[in-house]
Amino acid sequence: MASQNMDPAAAASNAALKGNESGNSATKGSVTKRLQQELMTLMMSGDKGISAFPESENLFKWVGTIDGAQGTVYEGLRYRLSLEFPPGYPYHAPRVKFVTPCFHPNVDDQGLICLDILKEKWSALYDVRSILLSIQSLLGEPNNESPLNTTAAELWDNQEGESLPQSAGVDLVYPLLTLSCPKVYWGLVLQTQL
C-alpha cells in the first residue's frame, strides 16, 4: 500500500536540481490530467445524491454536493462542500470541508471533517467519487469514537429514533441557510413554534 502513495513526480523532482521548474509543470500537468479524468468519471457514474465540479477555471478547487442518505436524520437535505486539491494530489489527500452548516459528530463548527480516508488512511487509489460517497455514508453512520463535535456525539448516542426533532416542538425550515435561525439540530434548520 505504501508504493501507491509514493509520488513519482516528487521523487523525480527531488533528484533534480532545485531551480528546475520543468518538474513542477510536469507534476501540475499530471494532477490536472488526473482531476479531469475524475471529473469525467464522476459525471458518467450516475451515482445519485453526489456531484462535484471545478469552482471556476481553477481545476484545483471544486464545489461538491451530497444529499443526506435515505433512512437517516439527514434525508432530504443537500450539503455543499469545498474540495481543495494539493499539488501532490493524488499522493496527498485533498482538503474537504462542509460549506453548508452540518451538525454531526464528525464535523466541527468550521465544517472540517474527521474521516480517516482524508487523513492517515488516505490512498492514491481514492478519487473524488469515493470521497463524496464516504462522506455521505458518514452522515448516517458517524464514528463516535473520534468526534469533532462532542455535543452532537452525545445526542447521537442518546437519540430515540428519528422523531427527535418533532419531539422538541419545532418546525422544519428549508433551505438550510436562514439568517433568523435560532437553532441547528442534526443538520436541519429548525425554528421554535410560536
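**Briefing: core, patch and annotated site**

The largest nonpolar core of this predicted model holds 34 residues, and Trp-62, Ile-66, Leu-81, Phe-98, Ile-113, Val-128 and Ile-135 have the most contacts inside it. Such a core is a set of buried Ala, Val, Leu, Ile, Met, Phe, Trp, Tyr and Cys residues joined through side-chain atoms within 4.5 Å. Two or more residues each come from α2, β1 (50–54), β2 (61–67), β3 (78–84), β4 (95–98) and α3 (128–140). Helix α3 gives the most, with six residues. In soluble globular proteins, nonpolar side chains tend to be buried together.

**Basis**

- In this predicted model, local features need pLDDT of at least 70 and side-chain atom pairs count only at pLDDT 80 or more, while totals for chains, interfaces and linings use all residues.
- Residues are numbered from 1 along each chain as its sequence is written, and side-chain values use heavy atoms, with hydrogens and water left out.

**Overall architecture**

- The protein has five helices and seven strands, taken as DSSP runs numbered from the N terminus (helices H or I, at least four residues; strands E, at least two).
- Of its 194 residues, 38% count as buried (buried is under 20% relative accessible area, exposed over 50%, partly exposed in between; 1.4 Å probe, protein chains only).
- Among contacts (heavy atoms within 4.5 Å) between residues at least 6 apart in sequence, 52% join residues at least 24 apart.

**Around Cys-114**

- The UniProt annotation "active site", from an unreviewed entry, covers Cys-114; UniProt positions follow the numbering used here, feature names are shortened, and annotations may be inferred rather than shown by experiment.
- Cys-114 sits in the loop between β4 and α3.
- Beyond four places in sequence, Cys-114 contacts Asn-106, Leu-138, Ser-146 and Leu-148.

**Ser-134**

- Ser-134 lies in helix α3 and counts as partly exposed because its relative accessibility is 24%.
- Not counting residues up to four places away in sequence, Ser-134 touches Leu-115 and Ile-117.
- Ser-134 and Leu-118 are 16 residues apart in sequence and 9.9 Å apart, C-alpha to C-alpha.

**Nonpolar surface patch**

- Met-40, Met-43, Met-44 and Phe-53 make a nonpolar surface patch of about 450 Å².
- Helix α2 (residues 22–45) gives the most to the patch, with three residues.
- Met-40 lies in helix α2 and, at 45% relative accessibility, counts as partly exposed.
- Patch residues have over 30% relative accessible area and no salt bridge, with nonpolar side chains (Val, Leu, Ile, Met, Phe, Trp, Tyr) joined within 5 Å and like charges within 9 Å.
- A salt bridge is a side-chain nitrogen of Lys or Arg within 4 Å of a carboxyl oxygen of Asp or Glu.
- Accessible areas come from the Shrake-Rupley method with a 1.4 Å probe; for residues, only the protein chains shown count as cover.
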